[in-house]
Amino acid sequence: MLIVEHASDETVQGRLTLSEGWQRQWITSWRVGGGSVAWPVSDMGSAPVGSSSPVRGFTWRARQGHRPGLHFMVSTGRHHGFESLEEQRLLLALDFVRVVDVLVQPFELDFEHEGVRARHTPDFLAVMPGGGGWLFDVRPEQLIGPLDALKFAAARQVAEAVGWRYSVVAGWRPHVHSVLDFLSSQRRPLQDPLRLQGELLAAVREAGELPFGEMAGATRLPVVARAHATHLLWHRRLATDLARPLNDGSPVWLGASPRGRP
């Protein structure tokens, strides 16, 4: 697991109104075909995830406190909006695990707690390899207030009811972002007329594990091979420890099939 999750609090969970029939009383609103469509949580299994649009738009203005933008994902072939650099980092990690699709701000949740109605819009819904859903909120741990924690608890309750995973991304393990950012420089298709990728894979296969620099040095053109090694690491044909700085001494081994765990 590369992310640092905000831990759920049973005390906060206990403030939610979860009496009999709550799944029919909590409502999710989706944007479909330019209009808004409502589904109770009990019927969310029929929500058109693949044809939905973000429930609200992104705005840009001078001197705003956050940095929204668009991030291109190779795994989906599309640009996806983000409202902060922390959200962009999650999109990069989801691209690395080859998500099937990502829906930004997928729905607005109208829920009840202690007799009061409240609303929350999760940040992302990812369709993971294998077809499972993973709902995300993104907020640094130090910025999570009591109301945020309550909304996150409600989103977790909904995700569990539908059979999705749910995570609040409150941070990242050390070095993960810098390594993924470097690997993403070679995420797009890369021509290999000199067949250096085969030499890299053969060297690692024979040794079982090699330092990055020694692996590149085992090819005919070590300087060019470094770019191809980075490409193979991004596409999971080679693997390394993402929680450590990537340098010539970093151990590299043959990659396993993507498991979809950011």
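Because the model is predicted, local features are reported only at pLDDT of at least 70 and side-chain atom pairs only at pLDDT 80 or more, whereas totals for chains, interfaces and linings use all residues. Residues are numbered from 1 along each chain as its sequence is written, and side-chain values use heavy atoms, with hydrogens and water left out.

The chain contains 8 helices and 15 strands, where helices (H or I, at least four residues) and strands (E, at least two) are DSSP runs numbered from the N terminus. Taken along the principal axes, the box filled by the C-alpha atoms is roughly 70 × 40 × 40 Å. Of the 262 residues in the chain, 47% are buried, with buried meaning under 20% relative accessible area, exposed over 50%, and partly exposed in between (1.4 Å probe, protein chains only). The accessible surface of the chain amounts to about 13000 Å², and carbon and sulfur atoms account for 50% of this area; accessible areas come from the Shrake-Rupley method with a 1.4 Å probe, and for residues only the protein chains shown count as cover. Among contacts (heavy atoms within 4.5 Å) between residues at least 6 apart in sequence, 61% join residues at least 24 apart.

Strands E13, E15 and E14 form, in that order, an open sheet of 3 strands with antiparallel pairing, in which E13 and E14 are the edge strands, each pairing on one side only. Two strands are taken to pair if DSSP finds at least two bridges between them. Strand E13 (residues 210–211) is joined to strand E15 (residues 251–254) by 2 bridges, with Leu210 partnered by Val252 and Pro211 by Pro251. Strand E14 (residues 238–239) is likewise antiparallel to E15, over 2 bridges, and the bridge partner of Ala239 in E15 is Trp253.

Elsewhere in the chain, strand E8 (residues 108–113) runs antiparallel to strand E9 (residues 116–120) and is joined to it by 5 bridges, with Glu112 standing opposite Arg117. These strands, E8 and E9, form a hairpin with 2 residues between them, and Glu114 in the turn has a positive phi of about 50°.

Ser53 is located in strand E4 (residues 52–53) and is partly exposed, its relative accessible area being 31%. Residues up to four places away in sequence being set aside, Ser53 touches Arg31, Leu103, Gln105 and Pro106. A separation of 7.6 Å is found between the C-alpha atoms of Ser53 and Trp30, which are 23 residues apart along the chain.

Ser184, in the loop between helix H5 (176–183) and helix H6 (196–207), is buried, with a relative accessible area of 12%. The side chain of Ser184 reaches the backbone oxygen of Asp181 at 2.7 Å, and, beyond its neighbours within four places in sequence, Ser184 is in contact with Leu92 and Trp234.

Val223, by contrast, counts as exposed, at 70% relative accessibility, and belongs to helix H8 (residues 222–234). Together with Leu194, Leu221 and Val224, Val223 forms a nonpolar patch on the surface with about 350 Å² of accessible area. Patches are made of residues with over 30% relative accessible area and no salt bridge, like charges being joined within 9 Å and nonpolar side chains (Val, Leu, Ile, Met, Phe, Trp, Tyr) within 5 Å; a salt bridge is a side-chain nitrogen of Lys or Arg within 4 Å of a carboxyl oxygen of Asp or Glu.

Note on methods. A polar contact is a pair of N or O atoms within 3.5 Å; within protein, one must be able to donate a hydrogen and the other to accept it, and residues adjacent in sequence count only if both atoms are side-chain atoms.
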